[in-house]
Structures are given as C-alpha cells and as structure tokens.
Amino acid sequence: MSDCLFCKIIDGDIPADIVYQDDKILVFKDIDPKAEVHLLMIPKQHIESLAQLNESHHDLIAYMMLKLPDLAQQYGLSEGFRTIINTGKGGGQEVFHLHIHLLGGKNLPGF
Ligand code: AMP
Ligand code: ZN
C-alpha cells in the first residue's frame, strides 16, 4: 500500500475538502491555509516532484497549468493569484507527491 498522503486522499482513505476532480487531477483545500483561498492541485498519477517529470508528463502538466486560471476565476480571484511548486527538501517540499499551491484573496502574505 502506498505511503503517500496525497495518494491516500485520491483513494479516499484520508478525507479532504475536494473542490474539483476529473480523470487526471484532484483539487482540494489546504488543511493549513496561508491565505483566504489556498488550494492544492495534484495529478492522480503519483509523481514525486517537479524534478521527476519527463517528456511523458508533457500533456498532463499542460493540462494542470491550463486549469489553474479556471479555478482561480471560480474562486473569485479576479485580481490575480499566486501559484507555488515546492520541489525537494531544499525547496521546502513536505509532501512528496507533486502539487501546485493556488493562493489568493485576503491575507495573501508577502513573498
Ligand atoms: P509542501 O510544503 O509544498 O509540500 O506543501 C504541503 C502542503 O500540504 C502544506 O501546505 C500542508 O498544509 C498541506 N497538507 C498536509 N496535509 C494535508 C491534508 N491532509 N489535507 C490537505 N492539505 C494538507
Ligand atoms: Zn502519491
């Protein structure tokens, strides 16, 4: 059985506040939000991090990127939003299943 927290969320073994999903991706609310809106977008396929991507992930990554503005719009972030991908221990990554943070709204901290 996978030891990956986000795979467990995908499998429904750990609850999450899911806001969107389709056959390729899952989007849910971050459990410890750093701004009014703080979502995490993950691929349903387990990929450890951005550093593990290769050509075979080309379409999936394009798909994820193109979904982000849609989600931001849906969450009322018409003024703009921030996306973050932490990669590896040195990049502050804590959960080793690729995820894109989508942040915006009130209380967005300075970068
Ligand atoms: P990172 O530091 O980029 O790996 O981010 C991991 C993120 O996952 C953090 O912002 C955590 O708050 C979030 N997180 C950890 N566990 C959960 C969970 N069970 N449900 C939702 N978000 C989580
Ligand atoms: Zn995983």
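Visitor: Which protein atoms are the donors of the zinc ion (ligand 2)?
Guide: This is a predicted model, and the distances quoted here are computed from it. The donors lie 2.0 to 2.3 Å from the zinc ion (ligand 2), and along the chain they follow the spacing C-x2-C-x38-H-x50-H. Those donors are C4 (SG), C7 (SG), H46 (ND1) and H97 (ND1).

Visitor: What is the arrangement of the 4 donor atoms around the zinc ion (ligand 2)?
Guide: Four donors count as tetrahedral if all angles lie between 85 and 135 degrees. Around the zinc ion (ligand 2) the 4 donor atoms subtend angles of 104 to 117°, and therefore the arrangement is tetrahedral.

Visitor: How many residues apart are C4 and H46?
Guide: C4 belongs to the segment before helix 1 (5–10), whereas H46 sits in the loop between strand 3 (37–43) and helix 2 (58–74). The pair thus links distant parts of the chain, and the separation is 42 residues.

Visitor: Is C4 buried or exposed?
Guide: The cut-off for a buried residue is under 20% relative accessible area. C4 has 10% relative accessibility, so C4 counts as buried.

Visitor: How many salt bridges does the count come to?
Guide: Side chains of opposite charge can pair when their charged atoms come close. The rule asks for a side-chain nitrogen of Lys or Arg within 4 Å of a carboxyl oxygen of Asp or Glu. Among the pairs are K24 with D23, at 3.6 Å from N to O, and K34 with D32, at 3.4 Å from N to O. By this rule the count comes to 4.

Visitor: Which residue meets K106 in a salt bridge, and where does it lie?
Guide: The N to O distance in this salt bridge is 3.9 Å, and K106 itself is exposed, with a relative accessible area of 58%. K106 lies in the segment after strand 5 (100–104) and its partner in the loop between strand 2 (25–29) and strand 3, so the pair ties together parts that are 70 residues apart in sequence. The partner is partly exposed, with a relative accessible area of 49%, and the residue is E36.

Visitor: Is D23 buried or exposed?
Guide: A residue counts as exposed when its relative accessible area is over 50%. K24, which meets D23 in a salt bridge, counts as partly exposed at 34% relative accessibility. D23 has a relative accessible area of 62%, and is therefore exposed.

Conventions
Residues numbered from 1 in each chain as written. Chains lettered and ligands numbered in written order. Predicted model: local features only at pLDDT ≥ 70, side-chain atom pairs only at ≥ 80, totals over all residues. Heavy atoms only, no water. Donors = N, O, S within 2.8 Å, 3.2 Å for Na, K, Ca; no water. Tetrahedral: all angles 85-135°; square planar, octahedral: opposite > 155°, others 65-115°. Helix = DSSP H or I, 4+ residues; strand = E, 2+ residues; numbered from the N terminus. Buried < 20%, exposed > 50% of the residue type's maximum accessible area, 1.4 Å probe, protein only.
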